[in-house]
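Here's a quick tour of the model shown below. Keep the viewer open and follow along.

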Amino acid sequence: MSVRLNTNYLSSFVSSEELANIQPQVNVAHELLTSRTGAGNDFLGWTTLPVDYDKEEFARIKAAAEKIKKSCDVFIAIGIGGSYLGSRAVIEFLKSPLYNNLPKDTPDIYFAGNTISAVAIDELLKICEGKDVCINVISKSGTTTEPAVAFRVLRALLEKKYGVEGARERIFVTTDKAKGTLKHFSDEAGYETFVVPDDVGGRFSVLTAVGLLPIAVAGIDIDGLMNGAAAAMEAYKCPDLAQNDCYKYAAIRNILYRKGKTTEILVGYELYAAMLNEWWKQLYGESEGKDQRGIFPASVIFSTDLHSLGQYIQDGMRNLFETVISVENNPVVFPIPDDPANIDGLNFLSDMDLNQVKKTAMQATLLAHVDGGVPNMLIELADRTEFSLGYLLYFFELACAISGYMLGVNPFNQPGVEAYKKNMFALLGKPGYEDARAALEARLG
């Protein structure tokens, strides 16, 4: 199995009796999900996606990725939230956060449309100077401010550089299957389009065209990702907590939450896990944070953050718990060199593999934090491969759905996301928001 939940560090926080007592609630959540009778049941396409995906589109994704790899130096994925976090997480986890700086036979990949920043778009345009560029705009509607503005700018860049006809071959669109502003515009312009499925919400969309096209452009085996997710889908069919690590993770989260552990910190021990943490934070924050309830998702990268947030985790408020991701098999071996002068006093580490030092640091931290009153779970990932990562992505998605139902919320909507958009449109003067604008400006003073 590619993912194993290690609960050895939880014994003083969660008892076997508590797990047995919560099993009936897990069963109810499982039934709501599998029978598709729970809240948000029109957004459950992700549950069977690893085996029930559009094979024809999957082939087109691969073909488009090959075309892009051959025709550009820079590939830009335009999207916000679930429209970019999944693909960026996978690329950095399987390739590197330094992907663009390393030797490779694939294009540099940048992400735009995820911020409102003149500096960011200006710098990206400078990077594109003298380079061949392709873009992939990812938006269900095409009217979300951040990606729509970036698409305007980058479409203009391509049309100026290559002409309208030439730009058409370099613009790829992932949007609604049949409706929406972006879909209609793309059909008229003749862009190749891919589908954001109606029954898959953005934060669950990494294994759709939303995530798979940028991932394939990076040279990652998308078949391996899907196969790993399919294996997880098969492994987690039984709701028995004694057999199902995914459901056990969801159950433990809820047990700890009811004991006042309202913040979960996802811990990685590799820099390449940082964007996976960001994807996880959106998945859980947007799914559970509603109706004035939910576990707040935070993240750290150790040992880096042991020298900053480590103090708070060790000695601060006891309202948090940690979930640690450990990649078990690392093919990169790096022995620590010997220093004849032993200036730093660390010659006891000479010739030791740096992976062993990292593992020891993880073990030491687990024990220290548990002793400090912080519950810890350990998710052991077999290796850093497409199969294992696909398995882990499905693990987190499924656990999120079960945990949300146990929490008593709809895990698949996000009503709170719209509040800032309405205010922003009003303040910017969007037609139809005149009354709201006046009221908001009066409040601003």
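## Ground rules and a helix cap

A polar contact here is a pair of N or O atoms within 3.5 Å; within protein, one must be able to donate a hydrogen and the other to accept it, and residues adjacent in sequence count only if both atoms are side-chain atoms. Helices (H or I, at least four residues) and strands (E, at least two) are DSSP runs, numbered from the N terminus. With that in hand, look at helix α4 (residues 118-128): Ser 117 caps its N-terminal end, with a side-chain oxygen 3.4 Å from the backbone nitrogen of Val 119. Just past α4, Gly 130 adopts a positive phi of about 75°.

Before going on, some housekeeping: this is a predicted model, where local features need pLDDT of at least 70 and side-chain atom pairs count only at pLDDT 80 or more, while totals for chains, interfaces and linings use all residues. Residues are numbered from 1 along each chain as its sequence is written, and side-chain values use heavy atoms, with hydrogens and water left out.

Strands count as paired if DSSP finds at least two bridges between them. On that basis there's an open sheet of five strands, in the order β3-β2-β4-β5-β6, with parallel pairing. At the edges sit β3 (108-112) and β6 (192-195), each pairing on one side only. From one strand to the next, the twist averages 20°; axes are lines fitted to C-alpha atoms, for helices over the stretch in contact, and angles run from 0 to 180 degrees between N-to-C directions.

Helix α6 (residues 181-189) lies across β4 (133-138), β5 and β6, running at about 145° to β5; contact means heavy atoms within 4.5 Å.

## Both faces of β2

How much of β2 is buried? Five of the five residues in this strand (residues 74-78) are, where buried means under 20% relative accessible area, exposed over 50%, and partly exposed in between (1.4 Å probe, protein chains only). In a regular strand, side chains alternate between the two faces of the sheet. For β2, Val 74, Ile 76 and Ile 78 are buried on one side, and Phe 75 and Ala 77 on the other, which leaves both faces covered.

## Around the N terminus

Ser 2 belongs to the segment before β1 (3-6). Because its relative accessible area is 9%, Ser 2 counts as buried. Its side chain makes a polar contact with the side chain of Ser 388 (3.4 Å). Leaving out residues up to four places away in sequence, Ser 2 touches Glu 380, Leu 381, Ala 382, Phe 387, Ser 388 and Tyr 391.

Val 3 is in strand β1, and it's buried because its relative accessibility is 0%. With the sequence cutoff of four places applied, the residues that Val 3 touches include Tyr 236, Asp 245, Ile 379 and Phe 395. Val 3 and Ser 326 are 323 residues apart in sequence, yet their C-alpha atoms are 9.8 Å apart in space.

## Pocket and cavity

The search uses a 1 Å grid over the protein atoms alone: a cavity is a set of points where a 1.4 Å probe fits but cannot get out, a pocket is an open set with protein on both sides within 12 Å along at least five of seven lines, and lining residues have an atom within 4 Å of a point. Grid points are joined across faces, edges and corners, and a volume is the space filled by probe spheres set on the points. The largest pocket holds about 840 Å³ of space. It's lined by 32 residues, and closest to its centre are Ile 80, Ser 83, Thr 144, Gln 414 and Lys 421. Helix α14 gives the largest share of that lining, five residues.

There's one cavity of 30 Å³ or more. Its lining includes Val 267, Tyr 269, Phe 302 and His 369, and α12 gives the largest share, three residues.
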